[in-house]
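Before you set up any calculation on this chain, please read the points below beside the coordinates. They are meant as a colleague's reading.

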Amino acid sequence: MTLTDALWSRRSAYSFACRPLELGSLSSLLRLALGVGRRVDAYGDPQYPLSLAPSAGGLRSVRPYVIVQRAEGLELGVYRYDAPAHELERLSQACEERRLREVFVQPEFAERAPVVIALVADLETVLRKYTLRHYRTVHVDTGLAVQNLYPVSTALRLAGCAVAGFHDSALGRVLGLSPGQIPTLLYVVGHRPGT
Ligand SMILES: Cc1cc2nc3c(=O)[nH]c(=O)nc-3n(C[C@H](O)[C@H](O)[C@H](O)COP(=O)(O)O)c2cc1C
């Protein structure tokens, strides 16, 4: 699919096929939308990883977590995506649907979405370099990340939707976040209905 086709055909999806998301599709989505594009000499690291999506100061302030509900080739559970290593680190076992329903303002997403990607801003990383007003840049970084997630999902023939309607404390409990970690956006993803 060309970029033009992906931009024209992109839509937010509110329902998904029952079938699980394959590890290969999830891997491609994470790699191309949120993964590392190149390495440069920066911050005292000769191989400092920069994301494919631009981020303020190249800090990669927004870190992805993945809640796997229905997937093939991957155990159910809550994961952290380690972008430089392109690895999923399993943090906990499958999240009960009841707990996930408490996360969403529209709880139907909990039963429909095979996979939920949570974008989480690491404020300490940002405020170590910048002044307080730069708390805003994490939201811009989040927007850029989701602007990658949408067309990459489309090109992979997947269905996805950005979701800002979530409850911080419930999500923080599911992901095991600390006070300096601020969830900024969810992205639910799976196969298109009828595919
Ligand atoms: C930052 C952001 C947050 C969103 N949050 C929600 C949400 O909480 N619930 C929802 O149903 N849709 C949500 N959406 C999807 C929008 O409603 C959708 O993008 C809009 O209706 C336009 O439709 P389209 O994406 O198909 O062009 C969100 C989209 C964005 C970009």
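Predicted model: local features only at pLDDT ≥ 70, side-chain atom pairs only at ≥ 80, totals over all residues.

1. Overall fold. The chain contains 7 helices and 10 strands. Its radius of gyration is 16 Å, close to the 16 Å that the globule rule gives for 195 residues, so the chain is as compact as a globular protein of that length. Along the principal axes, the C-alpha trace spans about 50 × 40 × 30 Å.

2. Of the 195 residues in the chain, 36% count as buried. When contacts between residues at least 6 apart in sequence are considered, 71% of them join residues at least 24 apart.

3. Helix α2. This helix covers residues 23-34, 12 residues in total, and its span from first C-alpha to last is 16 Å, close to the 16 Å expected at 1.5 Å a residue. Its buried residues are S25, L26, L29, L30, A33 and L34. They cover an arc of only 130° around the axis, which puts them on the same side of α2.

4. Leaving aside residues up to four places away in sequence, A33 touches A145, N148, L149 and V152. Residues A145, L149 and V152 are listed among the buried residues of α6, and α6 runs over residues 137-155. A33 and L21, in turn, are 12 residues apart in sequence and 16 Å apart in space, C-alpha to C-alpha.

5. Helix α6. With 19 residues, α6 reaches 27 Å from its first C-alpha to its last, close to the 27 Å expected at 1.5 Å a residue. The buried residues in α6 are V138, D141, T142, A145, V146, L149, Y150, V152, S153 and T154, a list that includes the charged residue D141. After α6 comes R157, which has a positive phi near 60°.

6. R10 sits in the loop between α1 (3-9) and β1 (21-22). It is partly exposed, with 14 other C-beta atoms within 10 Å. Which residues does R10 touch, not counting those up to four places away in sequence? They are Y150, P151 and T154. R10 and Y150 are 140 residues apart along the chain, yet their C-alpha atoms are separated by 6.9 Å.

7. Helix α7. In α7 (residues 168-175), the buried residues are L171, V174 and L175. They cover an arc of only 90° around the axis, which puts them on the same side of α7. The elements that cover these buried residues include β4 (62-68), β6, α3 (97-103), β8 (115-122) and β10 (181-191). Just after α7, G176 adopts a positive phi of about 70°.

8. Positive phi in two loops. Y43 is a residue other than glycine, and its phi is positive, near 50°. It lies in the loop between β2 (36-42) and β3 (45-51), and it counts as exposed, with 10 C-beta neighbours inside 10 Å. H86, also not a glycine, has a positive phi of about 50°. H86 is placed in the loop between β6 (77-82) and β7 (87-92), and with 13 C-beta neighbours inside 10 Å it counts as partly exposed. A reader checking backbone geometry may wish to look at both places.

9. Which residues are around the ligand? They are R11, S12, Q106, C161, A162, V163, A164, G165 and L185. By class, this shell has 5 nonpolar, 3 polar and 1 charged residues. Strand β9 (residues 158-163) gives the most to the shell, with 3 residues.

Conventions:
Residues numbered from 1 in each chain as written. Helix = DSSP H or I, 4+ residues; strand = E, 2+ residues; numbered from the N terminus. Expected span 1.5 Å × (residues − 1). Buried ≥ 20, exposed ≤ 12 C-beta atoms within 10 Å, placed from the backbone. Arc of directions from axis to C-beta. Near = placed C-beta within 6 Å. Rg over C-alpha atoms; globule rule 2.2 N^0.38 Å. Contact = placed C-beta atoms within 7 Å.
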